[in-house]
Amino acid sequence: MGLENLLTHKRSTILKKWSDVVIETYPPETAAFLKRQKDRFANPVGSVVFQGLEDIFGELLQGIDYERVSAFLDNIIRIRAVQDFSPSHAIAFIFLLKKVIREELKKEIKENGLSKELLALESRIDELALLAFDIFMQCREKIYELKAMELNNQTYSLLKKAKLIIDLEEQESCPNGDNTKNL
Amino acid sequence: MAVQKPEELSKIDYKPPKTSWMDTPAELRKDMFCWGNKEKSLKTVGFPNARAWSVADEDWKLPENWKEIFLEGLKERLSKYRSFQLFMDICVRCGACADKCHFFIGGGDPKNMPVLRAELLRSIYRNYFTTSGKMLGKVAGARELTYNVLKELWYYAYQCTECRRCSLFCPYGIDTAEVTILVRELLNLLGLNIEWIAGPVANCWRTGNHMGLLPHTLRDTVDSFQADLETITGVKVDYSFNRKGAEILFVNPSGEFFDPVGNITFMGYMLLFHEIGLDVTLSTYVSEGGNFGFFTSNEMAKRLHSKVYAEAKRLKVKWIIGGECGHMWRVWHQYHNTWYGPVDFLKEPVSPITGTKFENAKSNKIVHICEFTADLIKHGKIKLDPSRNDNYKVTLHDSCNVSRGMGMLEEPRDIIKSVCNNFYEMPPNTIRENTFCCGSGSGLNASENMELRMRGGLPRANAVNYVRDKFGVNTLANICQIDRAALQALMNYWAPDVVVRGVHELVGNALVLKGEKERTTDLRGEPLPGKEAK
């Protein structure tokens with residue numbers, strides 16, 4: 001049996017173990033809640049993580065569509081980027097899949113001589129990690145952009161109120177939070 | 001955070017250690033806390049221990065007897081507020097509140113479970129004020145008040161938006177927000193506030209509003225709204241400041257003079273008041289409905305609140321209308337009567353247009369703008385063209401203080417359904433009294449704590465995303481200025497393409513004025529449906 005068939009065969013066990021180790025990166029009290037509460041609105045983090053891991057695993061099995069997998073990764077990383085994780089911790093959940101697969105399929109890989117296939121799969125997981133790194137950075141940059149934008153807007157409003165600057169084309173001012181073009 | 005070596009980083013077992021919460025010291029993380037208060041902000045209102053200090057410093061420059069001050073303050077409040085004593089004693093740690101806080105749900109820090117956040121103080125209470133705590137210490141859930149414990153209290157007191165969602169689920173009726181309110185009050189005895197609260201309090205006390213906008217600036221601002229409205233509608237709406245003898249004083253959050261989204265909401269009020277010919281005045285002295293004193297101490301909240309009635313008396317108005325604000329209504333609804341009892345120099349509010357008596361405002365003499373507008377609509381007193389809002393698919397974020405705090409659930413919905421053709425509710429466990437906080441309330445809408453705001457707002461944004469994906473919702477309506485200022489950043493991170501609007505912005509768009517020209521744009525200057533440039 002090839003590695004892909006093995007992964008398909010053991011899909012639910014691997015996914016369960018992968019989501020367990022990912023959820024366990026949270027403090028124990030939090031991990032218990034994330035596993036217990038099934039309502040997606042009462043527990044958005046748990047629900048996004050479980051769904052996201054399933055989607056990502058599906059991509060690995062059926063061949064990666066980079067646009068699609070980026071969206072799946074984004075759902076999880078956007079959350080972890082604002083939680084108490086260092087950057088390495090935030091994206092480590094990708095690498096945890098390697099660990100789970102090696103442990104779960106150790107015997108079968110050895111018996112069927114699948115180490116080459118395993119290497120290929122792990123390279124695909126590494127690619128996901130690189131994508132994850134980009135997404136994590138985009139999220140963090142967005143946070144800093146939001147900070148800067150709020151300060152820019154505030155400064156712009158104050159300067160305008162103090163009549164130190166004047167907006168000649170009022171219609172160009174944008175109340176949706178983008179006044180930088182006026183600065 | 002200590003620098004980790006590559007071999008440490010590559011250890012991919014990230015299971016956090018299992019330690020009890022008391023043995024897990026708080027790490028004060030940048031991006032999570034707001035800057036500490038400035039010396040001048042405390043001096044302005046005569047608060048203790050005004051000095052320059054920084055959260056990031058080891059030494060917070062506390063008075064030598066800081067522990068004594070804190071414990072004496074705690075003792076005083078336990079005897080003064082029976083409810084506080086009960087909240088300290090009766091929690092059985094059943095956990096009903098534990099997973100209801102938006103900060104815990106979004107961030108995952110166990111100390112943001114309301115029960116645990118309150119335990120941070122309860123453990124100190126037990127240690128110094130209960131026999132079991134004194135005798136058994138940690139076994140009885142008691143601990144010493146140390147410098148680090150004090151820092152932990154400060155860190156988490158400013159990670160609670162006092163939204164009261166947790167209290168909804170407590171079988172004993174413990175209001176954990178009140179515990180946060182008291183912790184903040186105790187911290188203020190030591191000069192430990194945040195500048196995003198202390199600054200606005202000082203400005204409000206001295207100048208009349210959070211930003212410190214001066215009377216001529218307010219006048220210029222409203223003048224510019226008047227000019228914009230004339231361009232858009234062809235009608236010159238009138239307004240007045242400080243007009244003695246007006247029937248009604250209008251009090252609104254000053255963010256509406258300053259914040260671009262709030263500006264448009266205010267323009268909506270102006271159109272409405274003009275159209276019905278309301279005898280209403282604004283005030284430069286009371287140019288703030290918000291009350292950041294409420295996020296500081298009971299006494300400070302009262303000091304700022306008293307200005308509103310002093311001005312109402314001076315101007316000899318009959319009653320007051322209040323604008324789209326959140327905590328302003330919590331103060332009015334839940335604290336005002338305890339402080340002052342019924343106001344005897346104002347009249348019971350009656351709408352001059354419909355004759356409706358606002359009996360719920362008999363004591364305070366203040367009516368919520370949404371109640372007032374919903375009443376006008378119900379009686380068919382204003383002409384509306386909801387198709388002008390047809391570009392918007394709208395959902396409503398119930399502002400915590402107004403919905404959960406004072407029980408106003410239908411009025412904003414009634415208004416939206418009359419001025420818009422496309423309204424969609426978010427899921428039931430995320431709206432009305434179950435509403436999820438914006439994550440920035442109670443003075444936490446600073447910029448430096450953006451990470452905290454994003455995680456706190458996650459449950460709200462998650463529900464917005466659901467209606468965005470399901471129904472194509474592109475507009476998040478609300479009736480709170482902190483929401484208007486904070487939710488747009490939240491949407492930009494979690495739910496791009498969703499625009500935040502005040503309910504009276506939507507009213508202003510739909511309102512058909514007598515003698516108006518054919519409108520081509522909404523109040524933001526964006527083309528109305530069917531009026532896009534070809």
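Reader: Why does R432(B) count as partly exposed?

Author: R432(B) has 22% relative accessibility and therefore counts as partly exposed, since buried means under 20% relative accessible area, exposed over 50%, and partly exposed in between (1.4 Å probe, protein chains only). The model is a predicted one, in which local features need pLDDT of at least 70 and side-chain atom pairs count only at pLDDT 80 or more, whereas totals for chains, interfaces and linings use all residues. Residues are numbered from 1 along each chain as its sequence is written, chains are lettered from A and ligands numbered from 1 in the order in which they are written, and side-chain values use heavy atoms, with hydrogens and water left out.

Reader: Where does R432(B) lie, and what is its phi?

Author: R432(B) is found in the loop between α18 (410–419) and α19 (450–456) of chain B. Its phi is near 50 degrees, a positive value in a residue other than glycine.

Reader: What makes N242(B) partly exposed?

Author: The relative accessible area of N242(B) is 29%, so this residue is partly exposed. N242(B) has a phi near 55 degrees, again positive in a residue other than glycine, and its place is in the loop between α11 (215–233) and β1 (248–251) of chain B.

Reader: How many helices and strands does chain B have?

Author: Chain B has 22 helices and seven strands. Both are DSSP runs numbered from the N terminus: helices are H or I over at least four residues, and strands are E over at least two.

Reader: How do you know which strands pair with β6 of chain B?

Author: Two strands pair if DSSP finds at least two bridges between them. β6(B), residues 475–478, is joined to β7(B) over four bridges and to β5(B) over three bridges, in the parallel sense in each case. T475(B) stands opposite V499(B) in β7(B), and V394(B) stands opposite T475(B). L476(B) has V500(B) of β7(B) opposite.

Reader: What makes β5 and β7 of chain B the edge strands?

Author: The open sheet of three strands has the order β5-β6-β7 in chain B. β5 (394–396) and β7 (499–502) each pair on one side only. From one strand to the next the twist averages 35 degrees.

Reader: Which residues show that both faces of β6(B) are covered?

Author: T475(B) and A477(B) on one side, and L476(B) and N478(B) on the other, are all buried.

Reader: At what angle to β7(B) does helix α22 run?

Author: Helix α22 (residues 503–510) of chain B lies across β5, β6 and β7, at about 75 degrees to β7(B). Axes are lines fitted to C-alpha atoms, for helices over the stretch in contact (heavy atoms within 4.5 Å), and angles run from 0 to 180 degrees between N-to-C directions.

Reader: Why does the radius of gyration of chain B agree with that of a compact globule?

Author: The radius is taken over C-alpha atoms, and the globule rule is 2.2 Å times the number of residues to the power 0.38. For 534 residues a compact globule would be near 24 Å; chain B has 24 Å, and therefore agrees. Of these 534 residues, 64% count as buried.

Reader: Which domains make up the division of chain B?

Author: Chain B is divided into domain 1 (18–193) and domain 2 (201–510), with bounds from an automatic or database domain assignment. In chain B, 34 residues of domain 1 are in contact with 38 residues of domain 2.
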